[in-house]
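Please keep the sequence and the model side by side while reading.

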Amino acid sequence: IAWTGIPAGWEAVDTLPDRPLRPHEVSSQILAIAPTEDIAVIGENYELTILKSGQHDFDSKTFQTEMAEIYLSFNALWRADDPKFLVTLLGAPDAASYSSFTGTGRFNSFASAASGDIDLDFLSQFFAHEVGHHWIPGQLGRWPSCNDEENCSPRISWFSEGFTDFIMTQAMLTDGGWTQDELLNYTNQYLRDYYLSPAQTARAHTIDELFWQDYEYEKQPYWRGFLLAMNWDAEIRQQSSETKSAMDVLRTMYENAKAAPDSDKPELTSEYITQQFSALARRDLFQDVEEHYYNGEVLKPNSEMFGKCAKLKYKSLSPYDVGFDTGETLSTGIVTGVAHSHNAAAAGLENGQKFIAKVSGGGGDSTTPIVLEVEDNGKVLNVSYLPVSGDKVQVPQFVRVNNCNP
């Protein structure tokens, strides 16, 4: 692909590999042009191109450093030698009156756009998940095929999304961006989300059907897959006296897939994936996928997930509920769908107010007040309330008892 008519002082960037292209790569490119001062190329043994444009609360240098650390940590985690990757971040339209973000992953690249007030920590975690998709599932084999739609096995979303979250946390630990305490907090949040979800016992085919229609079903592969990964990792570490981990299995899958010709890449069925982990766990792990993903039986966390640094206990928690229609509110910038009997309404949130920003709280945490900034008849208000509703549920949580960060 050749660019013509590029303005003076601008440069083209892309993810085209320095070798013959495979068909799926041609259809999954990100190509961009930008002023050269917006572009940075980092790395000696690899080439990470970072394009940042638009106004944000962090500068280009900070963004470049953060992205480089994440990309380096993934290459170290996989012991990979991928030479090229492209990251683009654009600003949001001037008309955007609230915090917003969008992004998409493609071949060796991730393109995104965000409003100026986007939180860099959130952006980094989201980016780390998307970079993780470079390996899971694409570098480990090929998607399973099925022509008989009525009798197809459930999709492997539990692996493609849940295990991507798992390697994202491992990469964050690798580059020092996270501590074990932060992994513990992240796991507890996923346990809260999963146990308080109305779709907790949904079967896999229902999850596939409603994935793009309902948030609670969309998140089930993330929550259940991540918890399966953490459970299996704990089992493998126990069975091997801490000499092996789930990451060792994933790296072996990666090396085997790299060595295989394109026509003979392994098909990533649930049976094949679980088989790779079962040998080190010393039991058939496919039964876990059948029970907890296919059939919707409640998944319990391995009590030894965090070893001696944390104990598993149960807490009585109320389901998380913000009390208004977040999707419609964020898309229009106008508060919509406030439940009259909810804490939100009692705190002063009303339909028709202009939504400015979430100041704090949220993110599925039902134990911390959420604070929203809204405008009502020209007056800016902070509305603070506990985002909960319904009967309390017994939720497993890990409580730190010793130093998790020796």
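Axes are lines fitted to C-alpha atoms, for helices over the stretch in contact, and angles run from 0 to 180 degrees between N-to-C directions. The model shown here is predicted. Two packed helices are described by the angle between their axes and the distance between the axes. For helix H2 (residues 60-78) and H3, the axes come within 10 Å and cross at roughly 35°. The crossing of H2 past H3 is right-handed. On the H2 side the contact is made by Thr62, Phe63, Glu66, Met67, Ile70, Tyr71 and Phe74, and on the H3 side by Leu120, Leu123, Ser124, Phe127, Ala128, Val131 and Gly132. Sorted by class, these residues of the contact of H2 with H3 are 10 nonpolar, three polar and one charged.

One residue of this contact can be followed further. Ser124, which lies in helix H3, has a relative accessible area of 1% and is therefore buried. Apart from neighbours within four places in sequence, Ser124 is in contact with Glu66, Met67 and Ile70. The C-alpha atoms of Ser124 and Ile70 are 7.9 Å apart in space, while the two residues are 54 apart in sequence.

Helix H3 also packs against another helix. The axes of H3 (residues 120-132) and helix H5 (residues 162-174) come within 8 Å and cross at roughly 120°. This crossing, H3 past H5, is right-handed. The H3 residues Gln125, Ala128, His129 and Gly132 meet Thr164, Asp165, Ile167, Met168 and Met172 of H5. The contact of H3 with H5 consists of four nonpolar, four polar and one charged residues. Ala128 and Gly132 of H3 are listed in the contact with H2 and again in the contact with H5.

The chain has 14 helices and 12 strands. Its radius of gyration is 22 Å, close to the 22 Å that the globule rule gives for 406 residues, so the chain is as compact as a globular protein of that length. The C-alpha trace spans about 60 × 60 × 50 Å along its principal axes. Of the 406 residues in the chain, 49% are buried. Among contacts in the chain with a separation of 6 or more, 64% are between residues 24 or more positions apart. The accessible surface of the chain is about 19800 Å², and carbon and sulfur atoms account for 47% of this surface.

Some points of the backbone deserve a separate look. Most residues other than glycine have a negative phi, and most peptide bonds are trans. The peptide bond from Ile136 to Pro137, however, is cis, with omega near 5°. Pro137 is placed in the loop between H3 and helix H4 (157-160).

Asn108 has a positive phi of about 50° although it is not a glycine. The loop that holds Asn108 runs between strand S6 (101-106) and strand S7 (109-114). Asn377 likewise has a positive phi, of about 55°, and is not a glycine. Asn377 sits in the loop between strand S10 (370-376) and strand S11 (379-385). Is Asn108 buried or exposed? Its relative accessibility is 9%, so Asn108 counts as buried. Asn377, at 81% relative accessibility, counts as exposed.

A further asparagine, Asn302, is found in the loop between helix H12 (286-294) and strand S8 (310-317). What does Asn302 touch, not counting residues up to four places away in sequence? Its contacts are Asn231, Ala234, Glu235, Gln238 and Phe398. With a relative accessible area of 16%, Asn302 is buried, because buried means under 20% relative accessible area.

Gln238, one of the residues that Asn302 touches, lies in helix H9 (residues 220-239). Residues up to four places away in sequence aside, Gln238 touches Asn302 and Glu304. The relative accessibility of Gln238 is 40%, so this residue counts as partly exposed. Gln238 and Leu312 are 74 residues apart in sequence, and their C-alpha atoms are 17 Å apart in space.

Terms used:
Residues are numbered from 1 along each chain as its sequence is written. This is a predicted model: local features need pLDDT of at least 70, side-chain atom pairs count only at pLDDT 80 or more; totals for chains, interfaces and linings use all residues. Side-chain values use heavy atoms; hydrogens and water are left out. Helices (H or I, at least four residues) and strands (E, at least two) are DSSP runs, numbered from the N terminus. A crossing is left-handed if the near helix is turned anticlockwise from the far one by less than a right angle, and right-handed if clockwise. Contact means heavy atoms within 4.5 Å. Ala, Val, Leu, Ile, Met, Phe, Trp, Tyr, Cys and Pro count as nonpolar, Asp, Glu, Lys and Arg as charged, and the others, Gly among them, as polar. The radius of gyration is taken over C-alpha atoms; the globule rule is 2.2 Å times the number of residues to the power 0.38. Buried means under 20% relative accessible area, exposed over 50%, partly exposed in between (1.4 Å probe, protein chains only). Accessible areas come from the Shrake-Rupley method with a 1.4 Å probe; for residues, only the protein chains shown count as cover.
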